[in-house]
Amino acid sequence: MSEQAQNPARSSPLAGLRVLDLTVALAGPYCTLLLAGLGAEVIKIESPTGGDIARFNPPFYGEDGIHFDTMAPGDVSLSILARARNKRSISLDLKTERGREIFHELAKHADIVVENFRP
């Protein structure tokens, strides 16, 4: 069996690229979802004070199954599960010196940084 057949990730067009994902909402996370789907290693960086707003978008899955009601404790947004698939994640407070130090260390080893912050 060929090496590519044994390891499908190696045959992915973006295999070997590392992407730092600082995006929220829809367009940015969708962009990095496509990059992850093409084989890039995507590391989603979220704030510890809430993270991606998609975490609070319905529908939710919880104790009572799938619902569109208000998010209850223990519920998870199916929206974030869809947009964050194939991504690794870390929570960093970029407003602190230590959070920025960790980000800069990650950036040294990244090929691409994607963000959609306000100007």
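Okay, quick one to start us off: in which strand is Ile-66 found? That would be strand S4, residues 65-67. I'll come back to that residue in a minute. Before that, please keep in mind that what we're looking at is a predicted model.

So, the overview. The chain has 119 residues, and 29% of them count as buried. There are four helices and seven strands, and if you read along the sequence you get α-β-α-β-β-β-β-α-β-α-β. The C-alpha trace spans about 50 × 40 × 25 Å along its principal axes. The accessible surface is about 7,800 Å², with 57% of that belonging to carbon and sulfur atoms. And if you take the contacts with a separation of 6 or more, 55% of them are between residues 24 or more positions apart.

Now back to S4. This strand belongs to an open sheet of three strands, in the order S4-S3-S5, with antiparallel pairing. S4 and S5, which is 76-77, stand at the edges with a single partner strand each, so one side of each has no neighbour in the sheet. Strand S3, residues 60-62, pairs with S5 over two bridges, and Tyr-61 has Val-76 in S5 as its bridge partner.

As for Ile-66, it counts as exposed because its relative accessibility is 58%, and the cut-off for that is over 50%.

Okay, on to the charged residues. The structure holds eight salt bridges, and I'll walk you through a few.

My pick is Asp-21 with Lys-87, where the closest N and O atoms are 3.1 Å apart. That pair links distant parts of the chain: Asp-21 is in strand S1, Lys-87 is in strand S6, residues 87-91, and they're 66 residues apart. Buried or exposed, then, for Asp-21? Buried, because its relative accessibility is 0%. Lys-87 is buried too, with a relative accessible area of 13%.

Stay on Asp-21 a moment. Its strand, S1, covers residues 18-22. Besides the salt bridge to Lys-87, the Asp-21 side chain has a polar contact of 2.7 Å with the side chain of Thr-32. Leaving out residues up to four places away in sequence, Asp-21 touches Thr-32, Val-42, Ile-43, Lys-44, Ile-45, Lys-87 and Val-114.

Next pair: Arg-88 and Glu-41, whose side chains meet in a salt bridge at 2.1 Å, N to O. Arg-88 lies in strand S6 and Glu-41 in strand S2, residues 41-46, so this pair ties together parts that are 47 residues apart in sequence. Arg-88 counts as exposed, at 52% relative accessibility, while Glu-41 counts as partly exposed at 23%.

Last one: Arg-55 and Glu-46 form a salt bridge at 2.6 Å, N to O. Arg-55 is partly exposed, with a relative accessible area of 31%, whereas Glu-46 is buried at 8%. And there's a network as well: salt bridges that share partners join Arg-18, Glu-41 and Arg-88.

Terms used. Residues numbered from 1 in each chain as written. Predicted model: local features only at pLDDT ≥ 70, side-chain atom pairs only at ≥ 80, totals over all residues. Heavy atoms only, no water. Polar contact = N/O pair within 3.5 Å; in protein donor to acceptor, adjacent residues only side chain to side chain. Contact = heavy atoms within 4.5 Å. Buried < 20%, exposed > 50% of the residue type's maximum accessible area, 1.4 Å probe, protein only. Areas by Shrake-Rupley, 256 points an atom, 1.4 Å probe, with all protein chains shown as cover. Pairing = 2+ DSSP bridges. Salt bridge = Lys/Arg side-chain N within 4 Å of Asp/Glu carboxyl O.
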